[in-house]
Amino acid sequence: VADLQATPIRARGQFGVDLLVYLLDADKGTVNTGRLDFSAEPAWDARPKQTLIHLLRPAGRGTLAVLYPALPAETPPQVTPLHDGAVVRLSAGPRTDWVFLPESRATLEADGVRFEGHTGSFSKRQDGLHYMLDRQGTLTAEGLTLTCNTPCELRVQGNQAPGRASAAEATPTLVLAGPVSERITAATCEGAPVPLTREAGRVTLRLPPGREAFAFTLR
């Protein structure tokens with residue numbers, strides 16, 4: 001049984017991966033366990049019972065929590081809420097993630113990472129930088145400002161910067177600025193070259209309708 005008073009709570013997994021649960025509210029409420037019985041399910045379901053972490057909170061009150069999959073021998077990351085929980089920083093060895101989840105659209109800055117919008121994240125890893133944005137967001141970190149009208153993600157890895165943007169609702173338009181954008185020499189969309197617009201120190205990429213995967217080449 002997991003130690004429900006620990007930070008984080010470690011839920012032991014059946015398949016070699018545990019789930020670390022960080023409850024970050026000052027008042028965590030009442031933490032207990034519950035059970036689900038799958039015995040009435042078809043015979044192919046080999047999980048007759050499942051233990052749940054049950055959190056009892058006052059009606060209408062949300063919960064700030066981080067769910068982090070980890071190997072059993074892996075050191076838990078350090079999780080720090082910032083800006084009253086609108087930002088959460090996770091540090092694990094050489095990797096650091098900043099997750100931005102304000103209750104409404106906001107402009108926030110943490111450790112030099114600046115965000116404007118509803119939802120976004122930035123990750124600094126050994127293999128590069130990872131930017132993620134919801135629609136109509138802007139993220140500035142490590143010499144690059146990324147703005148997009150649709151949800152998008154971008155990885156900067158050496159002289160390559162692949163990414164994806166959702167084309168479900170609109171034609172994605174990405175605008176990049178800063179020193180990293182000045183290194184961009186070309187762009188492709190699903191392997192085919194696409195034109196870039198350079199103006200006032202910014203690089204703009206408009207993806208063809210219905211296309212989502214793209215990549216920049218950097219010098």
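## Basis of the description

Because the model is predicted, local features are described only where pLDDT is at least 70 and side-chain atom pairs count only at pLDDT 80 or more, while totals for chains, interfaces and linings use all residues. Residues are numbered from 1 along each chain as its sequence is written, and side-chain values use heavy atoms, with hydrogens and water left out.

## The chain as a whole

The C-alpha atoms of the chain fill a box of roughly 60 × 45 × 35 Å, taken along the principal axes. The chain contains one helix and 22 strands; helices (H or I, at least four residues) and strands (E, at least two) are DSSP runs, numbered from the N terminus. Of the 219 residues in the chain, 37% are buried, where buried means under 20% relative accessible area, exposed means over 50%, and partly exposed lies in between (1.4 Å probe, protein chains only). Among contacts (heavy atoms within 4.5 Å) between residues at least 6 apart in sequence, 44% join residues at least 24 apart.

The chain exposes about 12,600 Å², and carbon and sulfur atoms supply 52% of this area, which is computed by the Shrake-Rupley method with a 1.4 Å probe. There are 23 positive and 23 negative side chains, and the centres of the two sets lie 3 Å apart. Here Lys and Arg count as positive and Asp and Glu as negative, with His and the chain ends not counted, and the place of a charge is taken as NZ of Lys, CZ of Arg, CG of Asp or CD of Glu.

## Two nonpolar cores

A nonpolar core is a set of buried Ala, Val, Leu, Ile, Met, Phe, Trp, Tyr and Cys residues joined through side-chain atoms within 4.5 Å. The largest one in this chain has 35 residues, and those with the most contacts inside it are Tyr131, Leu154, Leu174 and Phe216. When neighbours within four places in sequence are left aside, the residues in contact with Phe216 include Leu154, Leu176, Ile184, Leu196 and Leu205.

Strands of a sheet pair through backbone hydrogen bonds, either parallel or antiparallel; two strands are taken to pair if DSSP finds at least two bridges between them.

Thr188 has Ala215 as its bridge partner in E22.

## Strand E2 and its partners

Strand E2 (residues 18–23) is largely enclosed by the rest of the structure, because five of its six residues are buried. Three bridges join E2 to strand E1 (residues 9–11) in an antiparallel arrangement, and Arg10 has Leu20 as its bridge partner in E2. E1 and E2 form a hairpin with six residues between them, and Gly16 in the turn has a positive phi of about 90°. In the segment before E1 lies Pro8, which is joined to Thr7 by a cis peptide bond with omega of about 5°.

E2 also pairs with E5 in the antiparallel sense, over six bridges, and Asp18 has Ala70 as its bridge partner in E5. Leu71 is found in the loop between strand E5 (65–70) and strand E6 (78–82). Apart from neighbours within four places in sequence, Leu71 is in contact with Arg10, Gly16 and Val17; its C-alpha atom is separated by 9.8 Å from that of Leu20, which is 51 residues apart from Leu71 along the chain.

## Individual residues

Ile53 belongs to strand E4 (residues 49–56) and, at 34% relative accessibility, counts as partly exposed. Not counting residues up to four places away in sequence, Ile53 touches Ile9, Ala11, Val21, Val31 and Asn32.

Asp84, in the loop between E6 and strand E7 (87–92), has a positive phi near 55° although it is a residue other than glycine, and Asp84 is exposed, with a relative accessible area of 87%. Ala200, in the loop between strand E20 (197–199) and strand E21 (202–206), likewise has a positive phi near 55°, and counts as exposed at 75% relative accessibility.
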